[in-house]
Amino acid sequence: MTPPGGRLARLARRAGATAVDYAVVCAPLALMGLLQSRRVRTPRPSPREGGSGGARMRLLVAAAVTTPLACGLAAAEATGGSPGKRLLRLRVRTRDTGSPVPYSAALLRTVLKTAIPWETGHQAVWDFRGTSQTQRRGAVLAACAYAAVAAQAAMICTASGRTYADLLAGTVVVDAPGGENG
């Protein structure tokens with residue numbers, strides 16, 4: 001059993017690893033947004049003004065941004081760990097054997113842990129830009145995204161430290177060689 005101080009240290013390392021991973025993911029997106037905001041554009045009708053680009057753009061962003069990022073994070077987990085986990089000497093392993101995680105399990109874990117809350121929040125932002133009806137839908141989507149993140153945070157604080165994504169993917173986060181106890 002991990003002593004209470006060790007558990008707090010592990011929680012801090014996991015939070016730090018998540019922060020590093022999100023910074024790695026957000027940096028190119030922020031750069032892309034900055035470059036896009038500098039472009040001179042012809043005004044187009046917004047979805048609420050009858051423009052047809054809204055739904056297509058939402059799908060395009062999900063397909064072109066969220067999907068590749070989730071696949072990339074899953075590949076990193078399956079080959080030794082995400083950038084944050086590597087930096088903070090954590091690894092994701094299969095719960096039953098302790099072996100490296102196959103890509104399929106890493107992808108399931110990443111989709112549940114990161115892609116679904118991320119994309120749900122993303123879709124909420126799109127809805128907040130619309131009519132009062134879509135704004136209500138956006139509020140529900142935002143609440144769902146926050147609930148998913150809160151559930152993960154609460155589950156990490158349990159004795160097992162396993163989130164719902166870990167439970168469904170059959171994984172566990174452990175110290176890497178040279179980590180907290182190595």
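Select Arg89 to begin: Arg89 is partly exposed, with 45% relative accessible area. On this scale, buried means under 20%, exposed over 50%, and partly exposed in between (1.4 Å probe, protein chains only). The model is predicted, so local features need pLDDT of at least 70 and side-chain atom pairs pLDDT 80 or more, while totals for chains, interfaces and linings use all residues. Residues are numbered from 1 along each chain as its sequence is written, and side-chain values use heavy atoms, leaving out hydrogens and water.

Stay on Arg89 and look at the backbone. Its phi is positive, about 55 degrees, although Arg89 is not a glycine. Most residues other than glycine have a negative phi. Arg89 sits in the loop between α3 (83-87) and β1 (90-94). Helices (H or I, at least four residues) and strands (E, at least two) are DSSP runs numbered from the N terminus.

**Salt bridges**

How many salt bridges does a search of the whole structure find? The search gives eight, each being a side-chain nitrogen of Lys or Arg within 4 Å of a carboxyl oxygen of Asp or Glu.

Select Arg10 and Asp175 next. They form a salt bridge, with the closest N and O atoms 3.0 Å apart. Arg10 lies in helix α1 and Asp175 in strand β2 (residues 171-175), so the pair ties together parts that are 165 residues apart in sequence. Arg10 counts as partly exposed at 24% relative accessibility, and Asp175 counts as buried at 19%.

Arg13 and Asp175 are both buried.

Move to Glu77 and Arg109, whose side chains meet in a salt bridge at 3.7 Å, N to O. Glu77 is in helix α2 and Arg109 in helix α4, so this pair ties together parts that are 32 residues apart in sequence. Glu77 counts as buried at 6% relative accessibility, and Arg109 is buried with a relative accessible area of 2%.

**Cavities**

A cavity is a set of points on a 1 Å grid over the protein atoms alone where a 1.4 Å probe fits but cannot get out, and lining residues have an atom within 4 Å of a point. Grid points are joined across faces, edges and corners, and a volume is the space filled by probe spheres set on them. There are two cavities of 30 Å³ or more.

For the largest cavity, about 80 Å³, select Tyr22, Val25, Thr66, Leu69, Ala70, Leu73, Thr114, Ala115 and Trp118. Helices α1 (4-38), α2 (53-78) and α4 (103-128) each supply at least two of its lining residues. Which helix gives the largest share of this lining? That is α2, with four residues. By class, the lining has seven nonpolar, two polar and no charged residues. Ala, Val, Leu, Ile, Met, Phe, Trp, Tyr, Cys and Pro count as nonpolar, Asp, Glu, Lys and Arg as charged, and the others, Gly among them, as polar.

The second largest cavity holds about 60 Å³. Its lining includes Thr18, Asp21, Tyr22, Leu73, Glu77, Lys85 and Thr114. Again α1, α2 and α4 each supply at least two residues. This lining divides into two nonpolar, four polar and four charged residues.

Technical notes. On a 1 Å grid over the protein atoms alone, a cavity is a set of points where a 1.4 Å probe fits but cannot get out, and a pocket is an open set with protein on both sides within 12 Å along at least five of seven lines; lining residues have an atom within 4 Å of a point.
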